[in-house]
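Please walk me through this structure in plain terms. I have not looked at it before.

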Amino acid sequence: MVSRAPITATTRIVGVTGWPVAHSRSPLLHNLWLARHGIDALYAAFPIEPGNVSQTIRGLAAAGLVGLNVTVPHKLEALTVCDKVSEFAHRIRSVNTLRFDSGAILGDNTDGFGFIANLRAHGANPSGPALVLGAGGASRAIVAALQDQGAAVTITNRTRARADALAAEFPGTTVVAWSDAPVELSRFALLVNTTSAGMHGHPPLDFSLAAAAEDLAVADAVYVPRETMLLRQAAAQNLRIIPGLGMLLHQAARSFAFWFGVEPDVDQEVQDLIARDIPLR
Ligand code: ATR
């Protein structure tokens, strides 16, 4: 581990905002990369209570921060404070990275990039037919990123109306009923869980993989725990698995590049540092 230079009056500040944000692993990760790259900046957490989001973000920009990561529940509101947003963030109506640039607030969303980079890192093909489970906030970036890779995307959700609403926003996607999805699994190359089921403190996802083709890859956006029941079920069937932790690391790397112009490595040391902080099961 590289140690950082002393914090002085010229040290710049970057961070993450959300509510709550105390659970965030981003400070660990970004401070390691800042030290490695010898950048005189520090990364901290800024909890912002709902109701004060736009005003506080503008204040932090005025105070000279480099930028912010934005997490739940502020990703939509963050979009509204931007002077300029990337086409991707605009399309999914969600910003997870802000850069404060001489008075202007620039917004991007690196979740889709992180998802695809993680698929690639695990040898999975991002352009095959994909079945996305869930129609909440976490699914939007994944649906859009897969479409950008040329994948035919099918959405399924426990509450059908939310799947239909999401599909209407992303032309070209189709919807299957939640009850039919497991039996239709054989026609997909990729299955992605974007629901909160399986997350620490939530019930496990109840979804049978019995009909999976042998080359199905199974990705989970959940990363607490690192090994969800869904991934264990997939591994027991010898399917390729893509744990969610890598998505977190790769979206972070892209945000770091947006601020500092250099893309940091997602290597073993980085993975171990974050994995140590998250239960395996
Ligand atoms: P987020 O913004 O984090 O995605 P969300 O908008 O509340 O959170 O969405 C949660 C997603 O997980 C939804 O798709 C939800 O399905 P419903 O729309 O039917 O509520 C899904 N979800 C949560 N628990 C689930 C469970 N036990 N089984 C299946 N889907 C579940």
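R99 and D101 form a salt bridge in which the closest N and O atoms are 3.5 Å apart. This is read from a predicted model. R99 is partly exposed, with a relative accessible area of 23%, and D101 is also counted as partly exposed, at 33% relative accessibility.

Side chains of opposite charge can pair when their charged atoms come close. A search of the whole structure finds 13 salt bridges. Another of these joins K75 to D111, with 2.8 Å between the closest N and O atoms. K75 belongs to helix 3 (residues 75-81) and D111 to helix 5 (residues 111-121), so this pair ties together parts that are 36 residues apart in sequence.

R160 pairs with D164, and their closest N and O atoms are 3.1 Å apart. Both residues are in helix 7 (residues 160-169), four residues apart, which means that about one helical turn separates them. R160 has a relative accessibility of 40% and counts as partly exposed; D164 is partly exposed too, with a relative accessible area of 34%.

The next site is the ligand. It is surrounded by 13 residues, and the closest are G137, N157, R158, T159 and R162. This shell divides into four nonpolar, seven polar and two charged residues. Several polar atoms of the protein face oxygen atoms of the ligand. A polar backbone atom of A135 is 3.0 Å from a ligand oxygen, and a polar backbone atom of G137 is 2.8 Å from one. In R158 the side chain is involved: one of its N or O atoms is 2.9 Å from an oxygen atom of the ligand. On its own the ligand has 640 Å² of accessible area, and the protein covers 71% of it.

The last stop is M199. This residue is placed in the loop between strand 10 (190-193) and strand 11 (217-220). M199 counts as partly exposed, at 32% relative accessibility. Leaving aside residues up to four places away in sequence, M199 touches V222, V224 and P225. One of these, V222, is 23 residues from M199 along the chain, yet their C-alpha atoms are separated by 5.9 Å.

Key. Residues are numbered from 1 along each chain as its sequence is written. This is a predicted model: local features need pLDDT of at least 70, side-chain atom pairs count only at pLDDT 80 or more; totals for chains, interfaces and linings use all residues. Side-chain values use heavy atoms; hydrogens and water are left out. Helices (H or I, at least four residues) and strands (E, at least two) are DSSP runs, numbered from the N terminus. Buried means under 20% relative accessible area, exposed over 50%, partly exposed in between (1.4 Å probe, protein chains only). Contact means heavy atoms within 4.5 Å. A residue is near a molecule or strand if one of its heavy atoms lies within 4 Å of it. A polar contact is a pair of N or O atoms within 3.5 Å; within protein, one must be able to donate a hydrogen and the other to accept it, and residues adjacent in sequence count only if both atoms are side-chain atoms. Accessible areas come from the Shrake-Rupley method with a 1.4 Å probe; for residues, only the protein chains shown count as cover. Ala, Val, Leu, Ile, Met, Phe, Trp, Tyr, Cys and Pro count as nonpolar, Asp, Glu, Lys and Arg as charged, and the others, Gly among them, as polar. A salt bridge is a side-chain nitrogen of Lys or Arg within 4 Å of a carboxyl oxygen of Asp or Glu.
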